[in-house]
Structure formats: structure tokens, C-alpha cells
Amino acid sequence: MPHLSRRQLIQTLGVTPFATWATPSAAAPLATFDVVVIGSGAAGMTAALSARQQGLSVLILEKASTFGGSTARSGAGIWVRNNEVLQAAGVVDTPAQAATYLDAVVGDEVSAERKAAYLAQGPAMISFILKHTPLKFRFMAGYSDYFPELPGGLAGGASIEPELFNGRLLGSELARLTAPYLAVPPGVAIFGGEYRWLNLAAVNARGVSVAAGAVARYSGARLRGEIPLTMGQALAGGLRAGLLRAQVPVWHDTPLLDLHMDSRGRVDGVWALHEGQRQFIAARRGVVIASGGFEHNLAMRLRHQQQPITTDWTVGAASNTGDGIQAGQRIGAALGLMDDAWWGPVIPLPEGPYFVLSERSLPGSIMVDDQGQRFVNEAAPYTEFVHTLYRRVAQGRSVNNWMVIDQRMRNRYLFKTSLPGLGLPKAWFDAGVALKAATLEELASKMGVNPATLRQTVTRFNAQAAAGRDLDFQRGDSAYDRYYADPAVRPNPSLAALQQAPFYAFQIRPGDLGTKGGLLTDAQARVLHEDGQPIAGLYAAGNASAAVMGRSYAGAGSTLGPAMTFGFVAGQDLARQATA
Ligand SMILES: Cc1cc2nc3c(=O)[nH]c(=O)nc-3n(C[C@H](O)[C@H](O)[C@H](O)COP(=O)(O)OP(=O)(O)OC[C@H]3O[C@@H](n4cnc5c(N)ncnc54)[C@H](O)[C@@H]3O)c2cc1C
């Protein structure tokens with residue numbers, strides 16, 4: 001495409017019938033759309049598509065020079081019970097069962113109306129995405145709900161993820177796709193649901209066939225001339241492709257600065273930094289804040305969250321600094337869950353925090369505190385893990401904890417991206433984040449832990465592993481604990497003795513996928529004022545809003561499922577609003 005001015009580009013994209021263009025001045029808007037969406041993650045892109053398919057003109061403002069935010073970095077699991085993809089896969093479920101489960105997981109912290117709206121609108125959202133984007137989804141078979149033993153829980157799982165997406169459909173926009181959190185090894189196309197088997201490729205025939213399938217999938221796509229994308233890359237790419245088709249422009253490097261209200265208190269536009277100028281962009285119907293969480297805003301984290309806290313332990317997108325939450329707060333919006341996050345234990349590696357998912361469940365690993373004692377079910381859902389960790393910190397315990405493994409574990413499973421049996425990166429040891437020793441006592445000394453205590457902890461754990469029952473923390477009892485475990489290990493697939501030297505220890509810190517507190521919304525995704533009334537013209541979805549999951553995490557995809565659902569809901573509701 002030849003170089004076009006922004007005005008020409010907008011005209012080429014065909015939004016001029018809806019959007020008007022004005023010379024920037026104090027009084028006149030730079031541009032006018034029916035809807036202005038802040039942020040191009042899953043929440044924002046779904047909201048934009050939803051409003052656009054209702055015939056509204058929509059503009060997305062994106063602070064970063066790339067689109068996709070944390071969504072593009074993610075595994076792209078989506079937890080939406082009773083959607084058509086699950087039904088086609090034969091998952092047996094009912095809306096009543098899903099409601100029972102969500103109530104049991106979330107409790108009363110979130111209004112019944114919001115929970116009901118999520119469950120009712122989620123399946124409609126998935127059908128909408130299937131209809132209006134090139135995305136297809138697949139069932140993540142066996143990816144257990146995170147509390148499958150609660151009433152209504154599904155041990156076989158209810159999560160879906162994108163099928164292979166052809167990045168070529170994005171044309172030159174592909175270059176603007178935010179990079180993934182973990183680079184996929186060259187020559188493979190891996191689904192999130194396959195990751196558990198890839199971990200086991202050195203010890204399990206299914207792991208080998210899954211790995212071979214991932215190579216074949218990649219080469220097949222390349223032979224067809226495609227650029228194969230999976231997980232968050234596929235989700236963000238597919239949503240963006242839907243927006244391209246629907247002719248929704250995304251203005252990059254254009255951060256929201258502030259919301260604008262008319263004399264009646266209705267949000268009718270935004271102030272944004274555009275090409276170095278503070279500009280007013282008018283929104284006839286309203287504004288959707290989908291600018292992600294505040295994981296990278298240290299001041300906000302210090303103000304709202306338990307300490308110690310830092311921005312160094314999050315794996316969320318760097319541009320998520322709570323701008324939309326703060327803009328809403330400045331016009332009186334109520335906030336919720338600001339002290340919470342989508343927590344998970346991380347290893348603070350020199351190249352960036354590593355979110356520990358499977359290694360906690362795989363046999364041959366334990367977590368210990370700075371005294372050398374176990375303190376948690378290592379395989380517990382990651383948000384609960386960190387809740388436990390912080391509860392202990394509140395009681396005076398250290399935030400510095402360790403994961404300890406033995407060489408047998410290292411020989412059998414992937415560790416991050418390090419292949420089984422191979423050495424771990426020297427930089428980890430140089431940084432002191434990873435330690436290695438010939439004996440447990442020597443390892444304990446390096447950790448600054450009493451050697452006798454660590455020996456005692458491991459001896460007790462080893463005996464319980466041999467018996468197959470973790471009497472102290474019940475690791476491996478839940479179907480969720482066993483999802484990332486090794487089915488060949490008996491009697492408990494998540495438990496094996498640590499006995500083969502050398503031994504390794506890795507620093508563990510309370511990290512997160514992003515924050516989950518933000519603007520309080522109602523069942524229509526309308527932002528609520530502190531007085532409890534909706535703020536006219538203002539919507540929020542995704543991590544900019546207080547999570548419908550409350551303090552918990554129901555299953556794989558519990559952030560993206562609600563983010564997309566309430567983005568969808570916001571777009572539909574905007575279409576019902578009168579023009580300002
Ligand atoms: C490694 C990793 C794996 C994950 N795996 C999963 C998973 O499998 N399933 C799941 O449910 N969740 C997962 N998550 C969490 C999930 O990705 C996020 O919770 C989700 O993407 C949030 O979506 P969002 O649309 O609210 O925000 P984002 O996707 O982060 O998008 C927000 C966008 O807003 C932009 N923005 C910020 N400030 C401004 C501003 N002032 N003006 C304009 N734009 C702004 C940002 O640049 C960003 O592009 C994972 C996260 C990570 C990091």
C-alpha cells in the first residue's frame with residue numbers, strides 16, 4: 001500500500017460514512033467516531049468488533065507501537081462454559097452446572113448479575129468471534145477446571161484455545177503483532193493444550209508423537225504458504241484480522257490521557273497523545289476502557305497491593321500501566337479488587353521472570369521457604385499459590401522462597417525451554433537465581449537454609465512420595481494437580497522422591513500474569529460511579545476492570561474468557577445507546 005496520510009487511510013478503510021474529521025483545536029475534535037476503544041488486547045478488539053458489527057464506527061487507540069498487549073503474549077486459553085466449541089467436542093455441561101461452579105469458586109465478592117451475564121453471554125461471544133473473524137477454536141481436552149472437586153467443576157476441562165491461524169491474513173499488520181512471552185522454537189507450531197505432553201517427550205511416547213505433530217503442522221502450513229501462529233499470537237492476530245475485515249482502524253502510539261465528559265456528565269470522548277499533540281477525539285456513543293491492568297505501574301502497585309511488590313515479577317505487557325483505570329478514577333469511577341492479581345510463582349531469571357506452570361506439578365520438585373520447609377501444595381492453582389505465599393508474608397514470613405529439584409527430574413522433563421538432560425543456562429547460576437550442588441546439605445548452605453532442616457523436609461517428602469500421599473499439603477489429590485504431572489509415575493503422578501544428585505534450587509517470587517483489579521462494572525460492562533450509578537458513555541472490560549472471577553481463577557482461560565465476553569457485551573450495549 002502506498003504511504004497514505006491518516007485522513008486518507010481512514011477514508012480508504014471506509015469509515016468516513018460514520019466518522020467525521022476535524023481540524024484539531026481546543027474546541028473541535030481531531031476525529032469523531034461512535035465508539036472509541038482504549039487498548040488493542042482481547043477485551044478491546046472484541047469490544048471494537050462487537051460495536052462495529054452493530055453498524056457503529058469504531059476507533060481503537062493503542063499506546064504501544066504493537067497491538068495485542070498481554071493477549072498476544074499469552075497461552076490464549078479461554079474459559080467459557082457451554083460454548084459451541086465445547087458442545088461440538090462432546091463436553092457434557094449445563095448452564096446450571098456452570099453457575100453452581102462459578103458461585104462456588106467466586107463467592108459473593110462479585111454481583112450475581114455480573115456472574116450470570118458472563119455465563120450467559122460467553123457462549124454468544126464465542127459464536128460471534130467464530131462468525132466475524134477467521135479464528136477457529138479447539139477444545140483443550142483434559143485441562144481440568146482449577147477446582148474440579150467443587151460442585152459443578154469439570155475435571156475434563158472446559159477451556160478452548162485458537163486453532164492454527166495464518167498470520168499472512170494480517171498482511172503488513174503482522175509486523176505490529178506484540179511478540180509472545182516465550183518464543184516458540186523454530187519449525188514447530190504448538191498448541192497450549194499440547195504443552196503438557198511436550199514436557200514429557202523424553203519419557204512418554206505420546207510426548208514424542210505430539211512433538212512430531214507440531215513439526216508436521218508447522219511444515220504443512222509453510223508448504224501451503226502460510227505463516228502458522230498459535231496461542232496468544234493466533235488469538236490477537238485473528239481478532240486483528242477480524243478488525244481489518246470490518247475496517248476498524250487502530251491508531252498506534254496514541255495513549256489515552258484522560259476521559260472527557262459533557263455538561264450532563266456523559267463521557268463523550270477522550271484526550272489522547274497523538275503524534276506528539278494532546279488531542280480530543282469524540283465518541284458519540286461512548287468509550288470502552290480496555291487498556292489492561294496496572295502490573296507495570298510501581299506507584300499503583302505500592303499504593304494498592306501487599307508488599308513487598310515490584311514490577312519485576314510480572315509477565316504482563318510492559319505498556320500496561322493502569323492508565324485507563326486512573327482516567328476512570330479521575331471522573332469518579334469506583335474501583336474493586338485493586339489489591340489482587342492473576343498471581344503465580346515466578347523465577348526471576350536474568351532474561352525476565354519465568355512463570356512456573358508445569359514444573360510445580362511434575363514429580364521430583366518441591367517448594368520450600370527460607371527456613372527450608374514446605375509451605376504449600378506446589379501444584380495448586382497459581383493464583384491460590386501466591387495468595388498462600390502472601391498470607392504467610394503478612395504473618396512475618398519471607399517473600400523469598402525456593403523450588404528444589406533433583407537431577408532425575410531434570411533428566412526427564414523440560415524446564416522452561418531447556419531440554420531434558422541438558423544443562424541449564426549459565427547466566428541463571430551467575431545471577432544466583434539458580435543454584436546447583438552435589439548434596440542437599442551443600443545446596444542448603446548455598447540457599448542460606450539450615451542443611452538439617454532441608455534434609456528433614458526432603459526425607460519426609462520422599463517418604464510421602466513413595467506412599468503416593470502428600471499428607472502435609474495434598475499435592476496430587478486434585479485432578480488439576482495431575483494435569484501437568486507425569487502419568488507414568490505411580491502411585492501419585494505429581495510426587496517423586498528427590499534423591500538423585502546433583503540438586504538444584506531456583507528462587508521463587510510472587511509474580512503475576514497481570515493485575516485483576518480495576519474499574520467496577522455492572523452486567524452490561526458499564527463503569528460504575530462511586531455512588532453506584534453507571535457513568536453514562538463509559539464501559540470497561542478485561543484487566544482494566546475488576547474481575548468477574550473475584551479473587552479466584554476458575555479454569556484455564558479465566559482472564560481472557562471474561563475479557564472477551566464483557567468486551568462483546570460492551571459493544572452490544574453501546575449499540576443500544578442514543579448518540580450523545
Ligand atoms: C505469558 C502469559 C500467558 C497467559 N496465558 C493466559 C491464558 O492462557 N488464558 C488466560 O485467560 N489468560 C492468560 N494470560 C492473561 C491474559 O493474557 C490477560 O489477562 C489478558 O490478555 C488481558 O487482556 P486485556 O485486553 O485486558 O489486556 P491486554 O491484552 O494487556 O491489552 C491491553 C492493551 O491496552 C494498551 N494500553 C495500555 N495503556 C493504554 C493507554 N493509555 N492508551 C491506549 N492503550 C493502552 C496496552 O498497550 C495493551 O495493548 C496470560 C498472560 C501472560 C502474560
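# A walk through a predicted model

Glu194 is buried, because its relative accessible area is 9% and the cut-off for buried is under 20%. Keep in mind that this is a predicted model. Glu194 sits in the loop between strand 7 (165-166) and helix 7 (195-199). What does Glu194 touch? Leaving aside residues up to four places away in sequence, Glu194 touches Arg138, Ala189, Val210, Ala214 and Arg217.

Now turn to the ligand. How many residues surround the ligand? There are 36. The closest are Glu62, Thr71, Ser319, Thr559 and Leu560. Sort the shell by class, and you find 13 nonpolar, 19 polar and 4 charged residues. Look next at single atoms. A polar side-chain atom of Ser319 is 2.6 Å from an oxygen atom of the ligand. Backbone atoms take part as well. A polar backbone atom of Leu256 lies 2.9 Å from a nitrogen atom of the ligand. For Lys63, a polar backbone atom is 3.1 Å from a ligand nitrogen. On its own, the ligand has 1000 Å² of accessible area, and the protein covers 96% of that. Which elements give two or more residues to the shell? They are helix 2 (42-53) and helix 3 (69-73). Helix 3 gives the most, with 4 residues.

Next comes helix 11, which spans residues 323-330. Its residues Gly324, Ile325, Ala327 and Gly328 are buried. These residues cover an arc of only 165° around the axis, so they lie on the same side of helix 11. What do the buried residues of helix 11 pack against? Their partners are strand 10 (256-261), strand 12 (277-289), helix 10 (298-304), strand 13 (335-336) and strand 20 (518-519). Follow the chain onward from the helix. Gly332 comes after helix 11, and the phi of Gly332 is positive, near 95°.

Several loops deserve a visit too. Start with the loop between helix 13 (407-412) and helix 14 (426-430), where Ser418 has its place. Is Ser418 buried or exposed? Ser418 has a relative accessible area of 11%, so it is buried, because buried means under 20%. Ser418 touches Arg410, Tyr413, Gly423, Leu424 and Pro425, again not counting residues up to four places away in sequence.

Lys416 lies in the loop between helix 13 and helix 14. Lys416 has a relative accessible area of 13%, so it counts as buried. Its backbone is worth a look. Phi of Lys416 is near 55°, a positive value in a residue other than glycine.

Ala525 is another case. Ala525 is not a glycine, yet its phi is positive, about 70°. The loop between strand 20 and strand 21 (526-528) holds Ala525. Its relative accessibility is 0%, so Ala525 counts as buried.

Move on to the loop between helix 17 (479-483) and strand 19 (503-515), where Asp486 is found. Asp486 has 0% relative accessibility, so it counts as buried. Which residues does Asp486 touch? Not counting residues up to four places away in sequence, they are Leu200, Val203, Leu362, Pro363, Arg412, Tyr413 and Pro493. With Arg412, Asp486 makes a polar contact, side chain to side chain, at 2.8 Å. Now compare Asp486 with Tyr101. The two are 385 residues apart in sequence. In space, they are 27 Å apart, C-alpha to C-alpha.

Pro502 is also in the loop between helix 17 and strand 19. The peptide bond that joins Ala501 and Pro502 is cis, with omega about -5°. Most peptide bonds are trans. Where does Pro308 lie? Pro308 is in the loop between helix 10 and helix 11. The peptide bond from Gln307 to Pro308 is cis, and its omega is near 5°.

Definitions and conventions:
Residues numbered from 1 in each chain as written. Predicted model: local features only at pLDDT ≥ 70, side-chain atom pairs only at ≥ 80, totals over all residues. Heavy atoms only, no water. Near = heavy atom within 4 Å. Polar contact = N/O pair within 3.5 Å; in protein donor to acceptor, adjacent residues only side chain to side chain. Areas by Shrake-Rupley, 256 points an atom, 1.4 Å probe, with all protein chains shown as cover. Nonpolar A, V, L, I, M, F, W, Y, C, P; charged D, E, K, R; others polar. Buried < 20%, exposed > 50% of the residue type's maximum accessible area, 1.4 Å probe, protein only. Contact = heavy atoms within 4.5 Å. Arc of directions from axis to C-beta.
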